[in-house]
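This briefing is for a reader who is new to the structure shown below.

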Amino acid sequence: MSSVFGPACAMLLLLCALASNAAMGQYDKMSSRSGGTRPNFTVSIDPPTLSLAVYVNVTTEVNVRVRLCYGQREEICSEHEPRVQELVTKESPSINLSFPILLPCLCVQVYYAAHDAVRTTVCPFKTLALDGKDVWRTSYLTEFEKSLKWQSRCPHKPAAALCWRNQKIPTDCLAIANSTLLADSNTNNPVIMNYNISHVDKHPNICVKLSLNSSSHAYCIFKEDLTKWHAEVVPASQHLQVYIRSPVPASFSAQLCVIQGQECVTWGAVHSVSKVNEDGTHNKELHLPFIHLQPELCVQVWQTDPLLYSWRLFCPFSSHERWGLVAVATAIVVTSGAILTYLSYHAARRRLSAWQLRYRPVLLVCSSEQTDQLSAVCALASILQGDLCSSVHMAHLASRGGGVADLGPLPWLYGQCETVLAAGGRVLVVWSPEGNSAYQAWCGPTAEETGERQIENDQRGKEKSEGEGHHMEGSDRSMEPSGVTTSVLRAALAYLRGMLHGYGQSHGFALVGFEGLCCSQDIPKELKELPLYQLPCDFRALVQELHYCQADTRWRFWHRLFSTMQAYRVADKLAHKLQLHMPAAQA
């Protein structure tokens, strides 16, 4: 009896074990080692918000524990903070969990809050596209003397290779050919990778680039004191000179290359030097000739014996270096141009000094002897003669023996006009309402002009009578031009009319009016053909008109340039000076 009962019990135990192992990957009701069951639950994920929800489907009140973890291998899921959250189905059958970084090995464990309960692990992100940035942020690289230890949250196996960091652009790391590092994965812990760097040139610009799928990240971990040899590249005529210094005997090689994208394509032959410092010297030289200068031309230098992986890159003609050369060349050109312009300016100024400061002679003809008019005319004459060094002729300033009283108004005026115009000067008739009255009385106004002038004169008479009272008669007599002023004005008008009707031109004649003392309505139609300068606002144009030039055609450009510069510099100052003598300023 006992012989039959023993095999039957063994067979029953074997069937139970097979049933338990077949249901291990499911998370509905199943047997556990303690005889209990597993929770029946569902997981819904929301990757944009970095959260997921766990819903437990139970009919009775139970306590369920839920936690996030990293599935590093089948039987191991490492802890994730917060470690465990407890869910009471009576209060709520679901719970929301958030996580800071989304990794493919992120999993959810759900199990009953009982001792030695069977845990069900679900990894819903296995099929999610890998984000390399999250992998690099959650991984660590540790340097040892002969190896690098890379540790991550998930069991990834990135490929490792060397690259050269461009100091001008720190984000660039040029790939180094044939520099893949040998990897040794830890069988006990799949999230740890070891890379052999025992034969790597540990220069600060040499970095380790880890690549995983289409993402990569460069770790520049070597320090300055780890490098064993030094090199320097100096540009020369049609070649590059490489100077190498090593504290121990070693052999080196160098080759030209051209940067194209993320690599430096080799160009030309390899040049080598053996056993640096073996003969007691501290430096060895390599001569690398080139036929023509390529853009982004560089030099690769590496140690061949004993062999060290990787090379060092020297780019004396890189675009960033050339920008410095371009800046220096631009500064030299600008400085040379400024010096040349300065010397040309002073040379032209010395050349043109004979005429640059000279102004045309001027004949001033007054049309009124009112106090305001005479004050303004005298100020203008003083400025022209004192500040502009121009020869000024005026009836009131005529010297004895050749004045108006000795020669008569007409001969004196004709002689002065011939002299001034022959010297290239200008005849400036200072116009006023009194001058307009004298002109109408001398040449006879038209009927239309007579009516307009009569209305204006009546209006002015009324204003004067209201302001002056019983002094009206004496004031009217004082405002009338004197015999000399009237005679000279009539002689000038006769000379001007002769030029207008006889020669058809009035070159050399111009009208001058002072603001507040003369307006455009006071100018007869016949004289409106003449240039009119309202002072002081048109003083700059008058200065340019009086500017005198005897330069030949070769210096015409410089004359115009300096004439304009001088007019702008002098006119504003003199206009302000003249403004002080105007009626408005005096008031």
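The largest cavity of this predicted model is lined by L364, V365, C366, M394, A395, H396, T485 and V488. Two elements, β24 (362–366) and α10 (483–502), each give two or more residues to that lining.

**The cavity**

- A search of the whole structure finds one cavity of 30 Å³ or more.
- The volume of the largest cavity is about 40 Å³.
- Strand β24 supplies the largest share of the lining, with three residues.
- Sorted by class, the lining has six nonpolar residues and two polar ones, and no charged residues.

**Confidence of the model**

- The protein chain has a mean pLDDT of 75, and 73% of its residues reach 70 or more.
- In residues 352–356 the pLDDT is below 50, and this stretch has 15 contacts in the model beyond near neighbours in sequence.
- The pLDDT is also below 50 over residues 446–451, a stretch with four contacts in the model beyond near neighbours in sequence.

**Residue S310**

- S310 sits in the loop between β22 (297–305) and β23 (312–314).
- Is S310 buried or exposed? Its relative accessibility is 8%, so S310 counts as buried, the cut-off for buried being under 20%.
- Once neighbours within four places in sequence are left aside, the residues in contact with S310 are L162, I176, I206 and W302.

**Salt bridges**

How many salt bridges does the structure hold? There are four, and three of these pairs, with the places they join, are described here:

- E86 and R65:
  - The closest N and O atoms of E86 and R65 are 3.8 Å apart in their salt bridge.
  - Because E86 belongs to strand β5 (residues 85–88) and R65 to strand β3 (residues 63–73), the pair ties together parts that are 21 residues apart in sequence.
  - E86 is partly exposed, with a relative accessible area of 45%, and R65 is partly exposed at 31%.
- D201 and R312:
  - A salt bridge joins the side chains of D201 and R312, at 2.9 Å from N to O.
  - D201 lies in the loop between β14 (192–196) and β15 (206–212), while R312 lies in strand β23, so this pair ties together parts that are 111 residues apart in sequence.
  - D201 is buried, with a relative accessible area of 4%, and R312 counts as buried at 2% relative accessibility.
- E545 and R426:
  - In the salt bridge between E545 and R426, the closest N and O atoms are 2.7 Å apart.
  - What does this pair tie together? E545 is in helix α11 (residues 539–546) and R426 is in strand β26 (residues 426–430), so the pair ties together parts that are 119 residues apart in sequence.
  - E545 counts as partly exposed at 29% relative accessibility, whereas R426, at 18%, counts as buried.

Terms used: Residues are numbered from 1 along each chain as its sequence is written. This is a predicted model: local features need pLDDT of at least 70, side-chain atom pairs count only at pLDDT 80 or more; totals for chains, interfaces and linings use all residues. Side-chain values use heavy atoms; hydrogens and water are left out. pLDDT is the predictor's confidence in each residue, from 0 to 100. Contact means heavy atoms within 4.5 Å. On a 1 Å grid over the protein atoms alone, a cavity is a set of points where a 1.4 Å probe fits but cannot get out, and a pocket is an open set with protein on both sides within 12 Å along at least five of seven lines; lining residues have an atom within 4 Å of a point. Grid points are joined across faces, edges and corners, and a volume is the space filled by probe spheres set on the points. Helices (H or I, at least four residues) and strands (E, at least two) are DSSP runs, numbered from the N terminus. Ala, Val, Leu, Ile, Met, Phe, Trp, Tyr, Cys and Pro count as nonpolar, Asp, Glu, Lys and Arg as charged, and the others, Gly among them, as polar. Buried means under 20% relative accessible area, exposed over 50%, partly exposed in between (1.4 Å probe, protein chains only).
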